[in-house]
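Subject: Structure for you to look at

Hi,

Here is the structure I promised. Please open it first, then read my notes below.

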Amino acid sequence: MWTNNCPAIQIRFIYLALQIIYMAIVAPSLLAANFLKLEEECKMLNESEADWFHLDVMDGRFVPNISYGPMIIEFIRKTTRKPCDVHLMILEPEKFADEFKNAGADHVTVHIEACPNLHRNIEQIKSLGMQAGVAINPHTPVTSLIDVLQDIDIVCLMSVNPGYGAQKFIPHSLSKIRELRKLIDNWNLPVLIEVDGGVTLENAKDIVAAGADVLVDGNTVFQSKDPKATISQLRSIETAKTL
Ligand code: DX5
Ligand code: ZN
């Protein structure tokens, strides 16, 4: 099982030509988990083909909801070796970077809308040895990332307005994914496109075909009858990147 952020690959020989097909990275969001049995839910994800644990931190200021913080992440961290992908929907994330590092975060994603000194936030996250991500809300243009794309590892493209799970995917997000994919490929950057919000078994194929690498899934996974099977279904979707 992969424990870093390399996408799963399949190697095929087609007419003696080597073709590498990348499979989507699946990052279930624990916001939709049953917190009364959190350890069990983490165990399920560990046994599943999930690649990352997506952890949504909300402060009730940047978004109109409050979720959990470093303390809960520290407990979750104890249950897994899979990357903890921390999504900060908070103001002044620079005040908490150390705490998330100490809690065991592997990736920390901040919102461009919450960071007037975004480049400094990115440098801080990387100086702590974590992967740096930047999230953009549905109203924020992809072009706002142009001057930091070469400094980051992940773009979290919000396909819902942040703050809640189980919302409907905003269709315009597909053209934003395509635009971002073009930018990243043109510059040949090793940046992963993570799509967050309203990802389902029905729309996941289109999202990956548009250029997404990572699928965040809250309710689709935790509300499904067989979460492990749902994760495998999502993970079997091939990304458009073929060598
Ligand atoms: C929303 C969060 C998402 C959310 C995804 O603000 O960032 O990660 O939990 O949940 P679903 O997949 O149910 O939309
Ligand atoms: Zn999220």
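A residue counts as buried if its relative accessible area is under 20%, and as exposed if that area is over 50%. Keep in mind that this is a predicted model.

**Helix α1**

By that cut-off, the buried residues of α1 are Leu38, Glu41, Cys42, Met44 and Leu45. They span an arc of only 155° around the axis, so they sit on the same side of α1. In general, an α-helix has 3.6 residues a turn, so residues three or four places apart point the same way. What do the buried residues of α1 pack against? Their partners are β3, β4, α2, α7 (219–222) and α8 (227–235). The face turned away from the buried side carries Glu39, Glu40 and Lys43, which are exposed.

**Zinc site**

Ligand 2 is a zinc ion. Its coordinating residues are His54 through NE2, Asp56 through OD, His87 through ND1 and Asp196 through OD. The distances run from 2.0 to 2.3 Å. Six donor atoms surround the ion, with angles of 72 to 172°, and the site is octahedral. Along the sequence, the donor residues follow the spacing H-x1-D-x30-H-x108-D. The site links distant parts of the chain: His54 is in strand β4 and Asp196 in strand β9 (residues 192–196), 142 residues apart. Are His54 and Asp196 buried or exposed? Both His54 and Asp196 are buried.

**Aromatic rings**

The count of aromatic pairs is one. The pair is Phe35 with Tyr68: the ring centres are 5.6 Å apart and the planes meet at 40°, so the pair is tilted. Phe35 lies in the loop between β3 (25–28) and α1 (38–47), while Tyr68 lies in the loop between β4 (53–58) and α2 (70–77). The pair therefore ties together parts that are 33 residues apart in sequence. Phe35 is partly exposed, because its relative accessibility is 35%. Tyr68 has 9%, so Tyr68 counts as buried.

A charge also sits over a ring elsewhere: Lys78 lies over the face of Phe75, 5.1 Å from the ring centre.

**Asn121**

Asn121 belongs to helix α4 (residues 118–127). Its relative accessibility is 4%, so Asn121 counts as buried. Leaving aside residues up to four places away in sequence, Asn121 touches Pro93, Glu94, Val110 and Cys115.

Best wishes

Notes. Residues numbered from 1 in each chain as written. Chains lettered and ligands numbered in written order. Predicted model: local features only at pLDDT ≥ 70, side-chain atom pairs only at ≥ 80, totals over all residues. Heavy atoms only, no water. Phe/Tyr/Trp six-rings, centres within 6.5 Å; stacked < 30°, edge-to-face > 60°. Helix = DSSP H or I, 4+ residues; strand = E, 2+ residues; numbered from the N terminus. Buried < 20%, exposed > 50% of the residue type's maximum accessible area, 1.4 Å probe, protein only. Lys NZ or Arg CZ within 6 Å of the ring centre and 35° of its normal. Donors = N, O, S within 2.8 Å, 3.2 Å for Na, K, Ca; no water. Tetrahedral: all angles 85-135°; square planar, octahedral: opposite > 155°, others 65-115°. Contact = heavy atoms within 4.5 Å. Arc of directions from axis to C-beta.
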